[in-house]
Amino acid sequence: MSLIDQIVARAKANKQRIVLPEAEEERTLIAADKVLEQDIADLILIGNPDKVAALAKQHNLKNLDKATLIDPENYERSEELAQLLQKLREKKGMTIEQARELVKNPLYLGCMIIKTEGADGQISGALSTTGDTLRPALQIIKTAPGISCVSGAMLMITDKPEYGENGVLVFADVAVTPMPDANQLGQIAVCAAQTAKSVAGFAEPRVAMCSFSTKGSASHEVVDKVVEATKMAKQLAPDLKIDGELQADAALVPAVGCKKAPGSEIAGKANVLVFPNLEVGNIGYKLVQRLAGATALGPILQGIARPVNDLSRGCSVEDIVNLVAITACQAMDAKK
């Protein structure tokens, strides 16, 4: 069974309530029909009922009546949610009039539904920017306990079973925070390990904090940051299996790991790679994807108290279906 099939199976076994606030977008609606047909998740669709009905008829979609459809312009809970949003944001100067307008915005409305425990996660981005997706999530749902830094992880699926977890690795951060400080980098490591468990299904995440140095082979402030981040990650998650700083070959190849970092329980065995900054992470995953032919699944946003994920505006229907399953797996973990 492929990794995505495993993720879908876990989602089906414990169905979560996922909000799709861009229900008037045709790829999203077609994906919603497939999710409902396959019984992957319970869906809350936000959009104009007439537009949704017209698209459903155009594409001959037969399963959408299984979803809850909310019209953001005529929702019976709008005033209740506006009052709550105003209280959440009053220190930032939000008025009740502003809150009433914002709860008509599907991205904000979806996050308010999650905040009031009416849903477990949200996916947008087929129409919206990453900023538009993240803004309401951070203002309303906020970050997970002990976490202040949102990041993005990529599942890298290779045909090299000797590396990672039978050829699967988690890379982070590849999407959000350009230049994390040591504290943020430590948080990214902890969140990436959690993604490895909840989404990739790793029983034991083994985190390598990557650098151009292994155990003091080079001296630089960038290396110092990685060393400090490793200490901070251990403080945040004392049971986490993590080591750094490690070069990529020392992290992945047992013979190199034994030579460069003798005694390390991570060197040569890592299945989660945390990069010192976004530039390295983004370049690294794209090189592995293109040169090694790996499948890159994500990015998966991490660090938010309830999962909110971001699609590429060039996404496919399959991408959306897969991200629903991924978000469902994250939602299960967030409830623990």
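Predicted model: local features only at pLDDT ≥ 70, side-chain atom pairs only at ≥ 80, totals over all residues.
Helix α8 gives the most to the lining of the largest pocket, with seven residues. Residues are numbered from 1 along each chain as its sequence is written, and side-chain values use heavy atoms, with hydrogens and water left out.

**Two pockets**

A pocket here is found on a 1 Å grid over the protein atoms alone: it is an open set of points where a 1.4 Å probe fits, with protein on both sides within 12 Å along at least five of seven lines, and its lining residues have an atom within 4 Å of a point. Grid points are joined across faces, edges and corners, and a volume is the space filled by probe spheres set on the points. Helices (H or I, at least four residues) and strands (E, at least two) are DSSP runs, numbered from the N terminus. In the table, Ala, Val, Leu, Ile, Met, Phe, Trp, Tyr, Cys and Pro count as nonpolar, Asp, Glu, Lys and Arg as charged, and the others, Gly among them, as polar.

| Pocket | Volume | Lining residues | Classes in the lining |
|---|---|---|---|
| Largest pocket | About 610 Å³ | 28 residues | 16 nonpolar, six polar, six charged |
| Second largest pocket | About 530 Å³ | 25 residues | 13 nonpolar, eight polar, four charged |

Which residues lie nearest the centre of the largest pocket? They are A144, V190, C191, Q194 and D333. At least two lining residues each come from α8 (182-198), β10 (295-302) and α13 (317-334).

In the second largest pocket, A296, L297, G298, P299 and D319 lie nearest the centre. Two or more of its lining residues come from each of α1 (3-13), β10 and α13. Strand β10 supplies the largest share, six residues.

**Two helices with a buried side**

Buried means under 20% relative accessible area, exposed over 50%, and partly exposed in between (1.4 Å probe, protein chains only). The expected span of a helix is 1.5 Å times one less than its number of residues.

Helix α12 (residues 278-291) has 14 residues that should span 20 Å at 1.5 Å a residue, and its end C-alpha atoms are 20 Å apart, which agrees. Its buried residues are L278, G281, G284 and Y285. Seen down the axis, these fall within an arc of 140 degrees, so they line one face of α12. Such an arc is that of the directions from the helix axis to the C-beta atoms. E279, R290 and L291 are exposed on the other side of α12.

Helix α9 (residues 221-236) has 16 residues and reaches 22 Å from its first C-alpha to its last, close to the 22 Å expected. Buried in α9 are V223, K225, V226, A229, T230 and A233. They cover an arc of only 150 degrees around the axis, which puts them on the same side of α9. The face turned away from that buried side carries the exposed residues E221 and Q235.

Is S264 buried or exposed? S264 counts as buried because its relative accessibility is 15%. You will find S264 in the loop between α11 (254-260) and β9 (272-274). A polar atom of its side chain lies 3.0 Å from the backbone nitrogen of A267.

V207 lies in strand β7 (residues 206-210), and V207 is buried, with a relative accessible area of 0%. From V207 to L278 there are 71 residues in sequence and 17 Å in space, C-alpha to C-alpha.

Key
Polar contact = N/O pair within 3.5 Å; in protein donor to acceptor, adjacent residues only side chain to side chain.
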